[in-house]
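Hi,

Here is the structure I promised to pass on, with some notes to go with it. Please have a look at it first, and then read on for what turned up.

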Amino acid sequence: MGFHFKLIGYPITHSLSPWIHEQFLERSNLQGTYKIDEFKPEDSFEENIKRLKNEQIDGFNVTVPYKQAIIPFLDILDDTARKMGAVNTVAYKNGKWIGYNTDGVGYVRSLESKYPNLFNNKENRVLVIGAGGAARAIYYALDQYEFSNIDIANRTKATAEGIIEMAHSPRRTEILSLEEAEKNAGSYELIIQTTSVGMKPNQEQAIISSNNIKLNTIVSDIVYQPVLTKFLRDSAKKGAMIHQGHTMLLYQGQYAFEIWTNKKINIGDMDTKLKDILE
Ligand code: ATR
């Protein structure tokens with residue numbers, strides 16, 4: 001009885017997802033389980049998926065390195081997952097396996113929960129730093145809002161062009177080098193760091209210097225280990241308002257849980273609880 005969910009990926013023994021979804025189950029008063037199912041790289045992915053599908057589960061999360069590999073084994077892809085070419089949430093509905101990508105919506109929800117007014121001002125200029133999977137999801141989700149600019153800065157400019165091609169947006173997006181981003185950082189109201197730079201054990205690194213970031217700019221970093229990155233710390237010293245990466249994990253999970261159960265769980269004190277776990 002109850003709901004049964006899983007997480008597949010490798011390595012995942014330290015994943016925070018079981019904690020997050022067990023909290024959601026408890027807070028929603030639903031019976032259920034959320035278990036990790038580590039798919040070893042040396043095992044057949046196809047065999048593992050066959051086994052998983054026979055377990056009568058209601059859904060599962062997918063993490064590295066299987067976010068693309070899962071796609072041929074699904075019956076339907078949600079529009080966003082198709083655009084991303086990557087799936088992180090799968091739901092079993094009416095006899096079909098459906099793939100979703102909750103990264104972008106999860107990110108926007110986390111930002112909205114902390115800075116709701118940001119979305120009311122059409123003059124706001126946004127800079128996304130990085131052009132990997134996370135940047136792609138975040139750009140695509142933010143593109144639904146009327147920001148005056150959403151520019152992308154990346155070490156390799158050609159990769160950033162791929163995001164513009166994917167999004168098919170009428171919006172004008174400038175592509176910047178990291179040096180240009182550093183120099184022009186003062187002209188943005190929201191700056192989002194989406195690369196792994198600054199993640200433990202390299203926590204003494206920052207993708208760009210915060211020297212030119214202006215007062216009250218919202219600076220966001222999706223890195224959550226450490227919970228306060230050097231980039232956020234340096235930006236706060238310049239008077240920026242910060243947005244920490246662990247909140248994205250929570251809202252991404254919230255959206256996945258909602259896809260599975262139709263219940264949107266209030267994050268409430270899970271934010272501080274997760275921070276305590278990570279610190
Ligand atoms: P994910 O899918 O998790 O977002 P990814 O696809 O590996 O991760 O994306 C990594 C992003 O971080 C890329 O934008 C990458 O820049 P390049 O496109 O030039 O490779 C950026 N990145 C990673 N390490 C970096 C570093 N040391 N300096 C600058 N950018 C880095």
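**Helix packing**

Helix 9 (residues 246-261) and helix 10 (residues 270-278) pack with their axes 10 Å apart, at an angle of about 125°. Please keep in mind throughout that this is a predicted model. The crossing of helix 9 past helix 10 is right-handed. If you want to find the contact on screen, look for H246, T247 and L250 on the helix 9 side, and for M270, D271, L274, K275 and L278 on the helix 10 side. Sorted by class, this contact holds four nonpolar, two polar and two charged residues.

Helix 9 also has a contact with helix 1 (17-28). Here the two axes come within 10 Å and cross at roughly 55°, which makes helix 1 oblique to helix 9. This crossing, too, is right-handed. Helix 1 brings S17, I20, H21, F24 and S28 to the contact, while helix 9 brings L249, L250, G253, F257 and T261. The classes here are five nonpolar and five polar residues, with no charged ones. L250 is worth a click: it is listed in the contact with helix 10 and again in the contact with helix 1.

The next pair is helix 5 (residues 133-142) and helix 6 (residues 157-167). Their axes cross at roughly 40° and come within 10 Å. Helix 5 passes helix 6 in a right-handed crossing. From helix 5 the contact takes in A135, R136, Y139 and Y140, and from helix 6 it takes in I163, M166 and A167. By class that gives six nonpolar residues, one charged and no polar.

**Around the ligand**

Which residues are closest to the ligand? They are G132, G133, R155, T156 and T195, out of 14 that surround it. Helix 5 turns up again here, as the source of the largest share of the shell, with three residues. In terms of class, the shell has nine polar residues, four nonpolar and one charged.

**Backbone details to check**

Most residues other than glycine have a negative phi, and most peptide bonds are trans.

- The peptide bond joining V64 and P65 is cis, with omega about 5°. P65 sits in the loop between strand 3 (59-62) and strand 4 (76-77).
- Another cis peptide bond runs from K200 to P201, with omega near 5°. P201 belongs to the loop between strand 10 (190-193) and strand 11 (218-221).
- N29 is a non-glycine residue with a positive phi, near 60°. Its place is the loop between helix 1 and strand 2 (32-38), and it counts as exposed because it has 7 C-beta neighbours inside 10 Å.
- N94 likewise has a positive phi, near 45°, without being a glycine. N94 lies in the loop between strand 5 (89-93) and strand 6 (96-100), and its 6 C-beta neighbours inside 10 Å make it exposed.

N48 is part of helix 2 (residues 45-53). Setting aside neighbours within four places in sequence, N48 is in contact with F39 and D43. Between N48 and Q31 there are 26 Å in space, C-alpha to C-alpha, for 17 residues in sequence.

N184 belongs to helix 7 (residues 178-184). N184 is partly exposed as well, because 16 C-beta neighbours lie inside 10 Å. N184 and L127 are 57 residues apart in sequence, and their C-alpha atoms are 9.9 Å apart in space.

Happy to go through any of this with you.

Best wishes

How values were computed: Residues numbered from 1 in each chain as written. Predicted model: local features only at pLDDT ≥ 70, side-chain atom pairs only at ≥ 80, totals over all residues. Near = placed C-beta within 6 Å. Helix = DSSP H or I, 4+ residues; strand = E, 2+ residues; numbered from the N terminus. Nonpolar A, V, L, I, M, F, W, Y, C, P; charged D, E, K, R; others polar. Axes fitted to C-alpha atoms, helices over the stretch in contact; angles between N-to-C directions. Left-handed = near helix turned anticlockwise from the far one by under 90°. Contact = placed C-beta atoms within 7 Å. Buried ≥ 20, exposed ≤ 12 C-beta atoms within 10 Å, placed from the backbone. Parallel < 35°, antiparallel > 145°, perpendicular 65-115°, else oblique.
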